[in-house]
Amino acid sequence: MIKFILPAIIVLFIVVFWEKITEIVYKKFNIRLNYIIVSAVLITIAIIILLVNYF
């Protein structure tokens, strides 16, 4: 059960605090986070994790 609840909570926090996350990354690394690139990376990581868990 924790395997499903913990990622949902993490995604929720990312969505809620997205502006602060992008602001911190911009201040530290001087890089703007693009929604499309970040979402593609997160989807890829999620697919890899799902494949590792179920196969």
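I began at Asn30, which takes a positive phi of about 55° just after H2. The model is predicted: I took local features at pLDDT of at least 70 and side-chain atom pairs at pLDDT 80 or more, while totals for chains, interfaces and linings use all residues. Residues are numbered from 1 along each chain as its sequence is written, and side-chain values use heavy atoms, without hydrogens and water.

H2 covers residues 18-29, and its 12 residues reach 16 Å from first C-alpha to last, close to the 16 Å expected (1.5 Å times one less than the number of residues). I counted 3 helices and 0 strands, in the order α-α-α (DSSP runs, H or I of at least four residues for helices, E of at least two for strands, numbered from the N terminus).

For overall form, I noted a C-alpha trace spanning about 40 × 20 × 15 Å along its principal axes. I found 5% of the 55 residues buried (under 20% relative accessible area; exposed is over 50%, partly exposed in between, with a 1.4 Å probe and protein chains only).

I then examined the surface. A nonpolar patch there includes Met1, Phe4, Val16, Ile21 and Tyr54 (residues with over 30% relative accessible area and no salt bridge, nonpolar side chains Val, Leu, Ile, Met, Phe, Trp and Tyr joined within 5 Å, like charges within 9 Å; a salt bridge is a Lys or Arg side-chain nitrogen within 4 Å of an Asp or Glu carboxyl oxygen). Helices H1 (2-16) and H3 (35-54) each give two or more residues to the patch, and H1 gives the most, with 6.

Methods: Areas by Shrake-Rupley, 256 points an atom, 1.4 Å probe, with all protein chains shown as cover.
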